[in-house]
Structure formats: C-alpha cells, structure tokens
Amino acid sequence: MTDTELSRDRREIIRDLEVSADFDAHAEIERRVSFLAERLTTTGTTALVLGISGGVDSLTAGRLCRLAVDRVRAAGGTAEYIAMRLPHGEQKDEDDATRAVGFTEPDRLLTVDIRPATEAMAASLRAAGMTYPDEGVEDFVIGNVKARQRMIAQYAVAGGVRGLVVGTDHAAEAVTGFFTKYGDGGADLVPLTGLTKRRVRAVAATLGAPEDLVHKIPTADLESLSPQKPDEEALGLTYERIDDFLEGLPVPASVEEALVARYRATAHKRALPTAP
Ligand SMILES: Nc1ncnc2c1ncn2[C@@H]1O[C@H](COP(=O)(O)OP(=O)(O)OC[C@H]2O[C@@H]([n+]3cccc(C(=O)O)c3)[C@H](O)[C@@H]2O)[C@@H](O)[C@H]1O
Ligand SMILES: Nc1ncnc2c1ncn2[C@@H]1O[C@H](COP(=O)(O)OP(=O)(O)OP(=O)(O)O)[C@@H](O)[C@H]1O
Ligand SMILES: [Mg+2]
C-alpha cells in the first residue's frame with residue numbers, strides 16, 4: 001500500500017507514533033545509542049536504570065543502555081548502566097530473566113522483590129474498605145499496582161545515583177495503550193519509540209541476543225490468576241497484525257477499526273494529565 005492509499009486515521013497514527021517507512025536495524029541501533037548517550041551527557045546525569053524482565057523489549061533496551069554508557073565513558077564521561085530484576089515473588093521465567101541480564105552486561109544488578117510492597121498495598125486497601133466487583137477485577141487492578149511498584153523501585157534507585165529511568169514502550173504497545181499508566185509507562189527516556197514489535201526483535205537479533213529470547217512470546221505477566229498470559233491473548237490481536245497496521249501493510253478492515261478505536265480510547269495514557 002502506498003502512503004496515499006492509507007486512511008487519514010492510519011496516516012495520523014503512524015506519524016504520531018513515529019513509525020518510519022524504512023527500517024535498517026544497524027541505523028536504528030546507532031540512532032538510539034547516540035540518543036541515550038546524548039541524554040546522559042546533556043542532562044549531567046550519570047546512570048541509566050532499567051528493569052529487565054526476561055522479555056525482548058527490556059533485553060533490547062538494556063543492550064542499548066550498555067552501548068550508550070560505553071560511548072559516554074569512551075568520551076571521558078562518567079556513566080553506569082544499572083539493571084534491576086523486579087520479580088513478584090518467584091518468577092516463572094526467571095531463567096530467561098537471568099540470561100537477559102547477562103546479555104545486557106550491566107555495571108550493577110539490583111534485585112528487588114515487589115511482592116511485599118504489592119501485598120501490603122492490597123491489604124491496606126482492603127482494610128480501608130475498598131472492594132472490587134469480583135476477584136478478576138481485583139487481580140487486574142493489583143496487576144497494575146505491580147507495574148507501578150516497579151516504577152517506584154526504579155525511581156528510588158535513579159534518585160540516589162543521579163540516574164534516568166529507561167522505559168521500553170514502543171509503537172506496538174503505544175498504539176494499543178498496552179502499558180500501565182504511571183507504571184511501566186512512567187519513565188524518563190524511551191529509546192524504543194517508533195519501533196514495531198518485529199523491528200524490536202530485529203534490533204535485538206542484530207545486537208546478538210539469544211535467538212529464543214528474541215522470539216519469546218510477549219507477556220506483561222501481571223495477573224496472578226493467569227500467570228504469563230500472552231499479550232496477544234489479552235489484546236485479542238496479534239503483534240503481526242498490529243505491526244502490519246503500523247507499517248502501512250494490508251490489514252483487514254476489522255483490525256484497522258479495532259486499532260483506531262483503541263488508539264483513541266487510550267489517548268490519555270500517551271498525554272500529560274488533563275487540565276481545564
Ligand atoms: N479518558 C480518560 N482520561 C483520563 N484518564 C483516564 C481516562 N480513562 C481512564 N483513565 C485513567 O486511566 C486508568 C486506567 O489505566 P491503567 O491503570 O494503565 O489501566 P488499564 O489501561 O486498564 O490496564 C493496563 C493494561 O496494560 C497492560 N500492560 C500493563 C503493563 C505492562 C504491559 C506489558 O505489555 O508489559 C501491559 C495490562 O495487562 C492491562 O491490560 C483509569 O483507572 C483512570 O484512572
Ligand atoms: N519481572 C520484571 N522484572 C524487571 N522488570 C520488569 C519485570 N516485568 C516488567 N518489567 C519492566 O516493565 C517493562 C514492560 O514490560 P513488557 O512486558 O512490555 O516488556 P518485556 O517483558 O521486556 O518484553 P515483552 O513485551 O516481549 O514481554 C519491561 O520492559 C521491564 O522494563
Ligand atoms: Mg514482558
């Protein structure tokens with residue numbers, strides 16, 4: 001499909017989410033590493049802080065952080081890349097997370113169990129009289145609390161080391177609003193902006209990531225009642241379709257309608273708080 005054949009909605013979304021028409025993994029790596037290095041240097045901060053989950057997004061962002069910090073140091077600057085493991089109790093794919101950390105080669109690794117803080121908040125809410133329509137709703141809401149606990153932990157580290165928190169949002173998550181507002185959506189730098197999911201994987205592969213982690217099934221893994229639930233099941237859409245939509249490739253009309261509707265409904269998650 002040529003650009004002029006795309007609907008106005010789709011062209012607007014592709015432009016707003018900064019999805020480029022062309023893609024070259026090496027060029028994308030260079031652009032994003034130099035962005036991270038420039039931010040460290042220009043802001044006078046000295047660390048990049050990032051949660052590593054075992055999924056491909058954080059694996060990719062983590063490797064970019066490593067390369068950026070190396071670049072700052074090579075130019076005589078001071079910088080470190082701090083990785084954080086932020087499991088909720090025991091994580092089912094801990095082995096993948098350990099390998100992902102190894103691949104990104106952090107200067108420091110901090111492991112913080114977010115389960116005690118999450119459970120304390122759930123208990124305090126219950127004690128205050130907060131009730132939910134059913135246990136599924138409560139589990140979903142507490143899932144978002146987990147994402148926010150991870151944000152809190154990362155800012156507690158960044159605040160102590162003059163660091164910046166790195167987020168992993170990219171175009172395929174941004175278009176669907178598939179992130180927790182002020183949770184994983186809360187970050188200072190978002191180096192994967194504009195990439196579709198398959199482009200994130202291509203960047204990871206070009207960086208030399210282990211193949212099984214490059215192609216791992218994406219999961220937010222927030223709901224205790226359905227651990228490791230694939231994102232595609234939660235979204236009711238495949239990343240292939242989402243990526244096709246964003247890259248201007250043919251998609252069924254029903255997919256286009258669903259994505260445009262989701263994009264509009266989640267606009268508040270991509271914007272500053274609404275003011276009068
Ligand atoms: N129109 C509006 N204008 C301004 N604010 C509005 C609003 N509608 C809702 N809100 C606010 O937004 C809140 C809902 O947003 P939020 O709390 O984020 O919750 P919500 O969008 O309902 O849920 C987050 C979704 O993202 C998924 N997720 C989260 C984290 C990571 C990943 C991943 O891929 O790893 C995926 C998660 O599985 C879930 O499906 C509402 O409670 C309300 O406070
Ligand atoms: N258990 C965890 N430990 C550390 N960080 C986490 C954890 N879970 C989520 N995060 C952070 O939240 C971000 C959002 O999660 P998300 O699932 O979108 O990314 P991912 O796990 O890296 O990749 P994928 O989407 O393919 O699963 C992660 O990139 C990571 O920075
Ligand atoms: Mg994940």
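## Asp57 and its surroundings

Leaving aside neighbours within four places in sequence, Asp57 is in contact with Thr168, His170, Leu192 and Val200, where contact requires that the C-beta atoms of two residues, placed from the backbone, lie within 7 Å. The residue lies in helix H3 (residues 56–74); helices (H or I, at least four residues) and strands (E, at least two) are DSSP runs, numbered from the N terminus. Asp57 counts as buried because 23 C-beta neighbours lie inside 10 Å, given that a residue is buried if 20 or more other C-beta atoms lie within 10 Å of its own, exposed if 12 or fewer, and partly exposed in between, with C-beta atoms placed from the backbone.

Ser58 also lies in helix H3, and Ser58 is buried, with 25 other C-beta atoms within 10 Å. Not counting residues up to four places away in sequence, Ser58 touches Leu50, Gly51, Ile52, Ser53, Ala100 and Thr168.

## Basis of the model

This is a predicted model, in which local features need pLDDT of at least 70 and side-chain atom pairs count only at pLDDT 80 or more, while totals for chains, interfaces and linings use all residues. Residues are numbered from 1 along each chain as its sequence is written, and chains are lettered from A and ligands numbered from 1 in the order in which they are written.

## Annotated positions

According to the unreviewed UniProt entry, the feature "binding site" is placed at Asp57 and Glu173; UniProt positions are given in the numbering used here, feature names are shortened, and annotations may be inferred rather than shown by experiment. These two positions span 117 residues in sequence, yet no two of their C-alpha atoms are more than 10.6 Å apart, so they gather at one spot. Glu173 belongs to helix H7 and is buried, with 26 C-beta neighbours inside 10 Å; not counting residues up to four places away in sequence, Glu173 touches Phe178 and Phe179.

A "binding site" annotation in the unreviewed UniProt entry also covers a set of positions that includes Gly51, Ser53, Gly55, Asp57, Ser58, Thr168, Lys197 and Thr219.

## The two ligand shells

Ligand 2 is surrounded by 19 residues, the closest being Gly51, Ser53, Gly55, Ser58 and Pro218; a residue is near a molecule or strand if its C-beta atom, placed from the backbone, lies within 6 Å of it. Strand E1 (47–51), H3 and E2 each supply at least two residues of this shell, and H3 gives the most to it, with 3 residues. The shell around ligand 2 divides into 8 nonpolar, 7 polar and 4 charged residues, where Ala, Val, Leu, Ile, Met, Phe, Trp, Tyr, Cys and Pro count as nonpolar, Asp, Glu, Lys and Arg as charged, and the others, Gly among them, as polar.

Around ligand 1 there are 16 residues, of which Ala147, Thr180, Lys181, Ala220 and His268 come nearest. Helix H6 (135–161) and helix H10 (231–235) each supply at least two residues of that shell, whose residues divide into 6 nonpolar, 6 polar and 4 charged.

## Helix H8

In helix H8 (residues 197–207), Lys197, Arg199, Val200, Arg201, Val203 and Ala204 are buried. The cover over the buried residues of H8 includes helix H2 (25–43), H3, helix H7 (171–174), helix H9 (211–214) and helix H11 (239–246). H8 is followed by Gly208, whose phi is positive, near 95°.
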